[in-house]
Amino acid sequence: MISCVILVILLCSSVFSQDDEGPYKGKFIGKLNSYHHQVSGDVYAVDKYTLLLTSFNYDGNGADTFFWAGAANRPGPQGFIVPDSRGKTNVLDRYFNKDFTLVLPEKKKITDIKWFAIYDIWSQNTFGDIYIPEEFEPPVAQKVSQLTGKTNSISTISIEILDAKQIKLIGFTYDGKAKDAYFWVGVGAQPVSKGFKVPDEYGYLDSLKAYKNKTIILEIPGDLTIFNIDWFSIFDHDTNTNLGSIIIPEALNVPPSLVKVTPQKDDLPNCMQLHKNFQVSWEIFGPAITIQLAGMVDENEYLAFGISGSKEQSQMIGADVAVAYINGYQGFVTDYNIIALTPCVKVLGQYKGVCKDSVLGGQENNQLNTAVRENGINIITYRRSLISSDESDKEFPLEGSIYIVWAIGKLDENNEPAFHDVYPKTNISVELNPKEPKKSCYAFTRSEREVGEPWSKGQIFDKTIRVFTSTIGPSGAKKGYQAITGHTSTALAWYINGLLAPEIWLRRGLTYVFKVNGGNDPHSPEYYHPLIITDDPHGGYDRLTDVAQSKVRVLAGVEYSRRGRPRPTASGRLCVSKHKSNHDRRLDDDFESFKKFNRSLEWSCETGDPGTLEFTPNSTWPDIVYYNSFTQANMGWKIRVIDSFNQRVSSSANFYTVNFCVLCLSILLNYFFVIE
């Protein structure tokens with residue numbers, strides 16, 4: 001009985017002994033036995049295939065030395081080479097206090113070997129070794145009890161603890177009707193309001209949406225792990241009610257997390273976590289507020305934060321926002337006003353869209369303090385007055401709470417904010433001047449979410465097609481327009497014969513017609529898109545300066561007034577595809593293909609006639625030109641101009657050819673437009 005108790009204590013201590021020395025590393029196997037050449041180090045089992053060596057030392061003076069493992073009773077020639085940390089089977093170099101993982105070759109498992117050694121084949125000497133205990137169980141994902149709630153239809157088929165930071169809900173269902181419910185973790189005998197909010201599977205901290213029999217993976221936030229929480233819950237903060245929960249078993253033998261935790265120290269008294277990858281800190285002193293934006297973003301991405309355009313909700317339209325980014329070693333924090341959900345355009349002499357205050361006749365009132373990029377995190381600090389002299393700026397109140405807005409997106413080719421990829425869907429309010437400082441921020445974690453394969457790129461290669469039908473629709477997320485073109489995207493893109501921004505092949509000497517259905521109301525900043533063809537891959541000709549326009553060759557779709565001002569010639573009624581009212585466009589990447597994405601959209605067409613763009617490519621045309629919008633950049637794509645369809649230039653294997661089906665679709669669409 002005593003020996004059994006001792007064994008249990010030793011096993012438990014082997015799982016948790018490293019917690020006192022730093023992050024969880026896996027199941028501790030033991031210390032290397034050292035015989036020669038200063039070999040030393042600790043060995044852990046990361047999973048059933050992987051060993052972790054920490055503080056490993058070897059002087060590198062062996063003649064023919066390798067990492068070596070086998071199933072014989074002791075190290076000897078009957079073994080096999082374990083590739084080094086780079087996956088190589090070279091003779092070992094010198095190691096000094098190194099940490100690294102080794103993966104057993106050919107899918108061999110730790111339970112298939114009896115020992116691991118540093119072994120010299122030439123002399124058949126063992127410089128250091130460790131024996132794998134009998135009935136050793138390496139860390140693996142662990143199934144725990146099901147999640148079943150008494151209300152809100154909460155249930156799961158099962159729950160798995162994948163590693164020290166990841167929880168997998170299999171077949172998760174929740175009706176989404178609780179007002180203020182979140183994934184929630186904490187310590188204690190049962191779930192209570194004091195705990196930590198867990199971001200959803202996309203990193204958002206919004207109140208939970210509905211789920212129906214969905215499998216999702218959640219990441220425990222910051223530097224927390226499964227070992228320092230006692231329960232996981234769906235908790236409604238509006239009613240202070242635990243809607244459903246599980247107790248986390250103790251001493252779980254799970255793999256360590258591969259998620260990299262990066263602490264972010266802020267010196268300002270208040271901090272609010274907006275998203276897994278975005279946090280804002282602030283301090284009010286005198287008549288000014290100092291704000292720090294910190295976000296784990298790519299080098300070509302921006303962070304946007306500001307005051308809502310509405311006093312009753314978080315609203316982008318009418319918002320006063322700062323757009324912050326780092327270009328090389330220089331930081332920027334530019335003052336913007338959001339008049340419409342589109343890049344800034346000139347509509348009948350007035351600018352509308354997401355426009356700089358300076359363009360709208362206002363002032364740039366954000367004063368940049370510091371901007372630094374560390375460990376993939378942009379940290380930008382700026383100051384502005386609580387009450388600005390600029391009428392377009394909103395007041396930062398000292399009393400009460402205000403609604404805010406935020407977003408993360410990519411910068412376009414002009415370092416202007418393109419359509420944001422990450423943004424909240426719920427209302428967010430904050431008290432800027434609380435009696436006691438409030439902090440809800442935690443360390444950043446980096447784990448690459450798999451977006452999946454991009455949608456297949458559309459291609460129209462058919463010598464029988466002379467008429468193309470162009471409509472507009474959502475640009476998709478990272479799998480859509482961005483993947484097709486490599487450009488940043490706006491909210492909308494051209495759909496040609498039902499395909500999202502396809503590459504089109506045209507022959508010189510033939511006459512072609514585009515039926516243009518991009519909107520004909522010049523008062524609309526969002527839905528006025530005459531079609532043009534130029535040698536500029538981005539488009540948005542009307543947005544360019546006179547100097548920039550002079551460098552673009554316009555091939556079709558533009559005429560000039562007596563004063564030399566460009567005017568579009570091909571605008572028509574609006575035919576647009578939109579997301580259904582219950583769909584969240586932030587989840588566009590969940591669609592496996594463009595076909596499935598397209599089927600989820602609702603299509604509508606205004607009364608009236610399409611515009612007509614008729615043109616004949618000739619010998620002066622470049623081999624590659626681009627169809628785009630006259631008013632907005634990055635909506636269209638490439639036209640290849642060839643001399644003969646028999647001399648087709650090879651293209652990517654990801655393209656698919658649209659022949660007879662596209663012709664049929666074009667005929668049907670044109671027929672529909674006629675009878676409309």
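The count of aromatic pairs comes to 34, where rings of Phe, Tyr and Trp (its six-membered ring) pair if their centres lie within 6.5 Å, and planes under 30 degrees apart count as stacked, over 60 as edge-to-face and the rest as tilted. The structure is a predicted model, in which local features need pLDDT of at least 70, side-chain atom pairs count only at pLDDT 80 or more, and totals for chains, interfaces and linings use all residues. Residues are numbered from 1 along each chain as its sequence is written, and side-chain values use heavy atoms, with hydrogens and water left out.

Two of the pairs involve Phe461.

| Pair | Centre to centre | Angle between planes | Type |
|---|---|---|---|
| Phe461 and Trp505 | 5.4 Å | 85° | edge-to-face |
| Phe461 and Phe645 | 5.3 Å | 70° | edge-to-face |

Phe461 lies in the loop between β34 (458–460) and β35 (467–474), and Trp505 in strand β38 (residues 503–507), so their pair ties together parts 44 residues apart in sequence. Strands (E, at least two residues) are DSSP runs, numbered from the N terminus. Phe645 lies in the loop between β48 (638–642) and β49 (656–658), so its pair with Phe461 ties together parts 184 residues apart in sequence. Phe461 counts as buried (under 20% relative accessible area, with a 1.4 Å probe and protein chains only), at 13% relative accessibility. Trp505 is buried at 1%, and Phe645 is buried at 13%.

Elsewhere, ring pairs link Phe468, Tyr512, Phe514, Phe615, Trp621 and Tyr627 into a cluster.

An open sheet is formed by 4 strands in the order β10-β11-β12-β15, with antiparallel pairing; two strands pair if DSSP finds at least two bridges between them. The edge strands, β10 (142–144) and β15 (211–219), each pair on one side only.

Conventions. Buried < 20%, exposed > 50% of the residue type's maximum accessible area, 1.4 Å probe, protein only.
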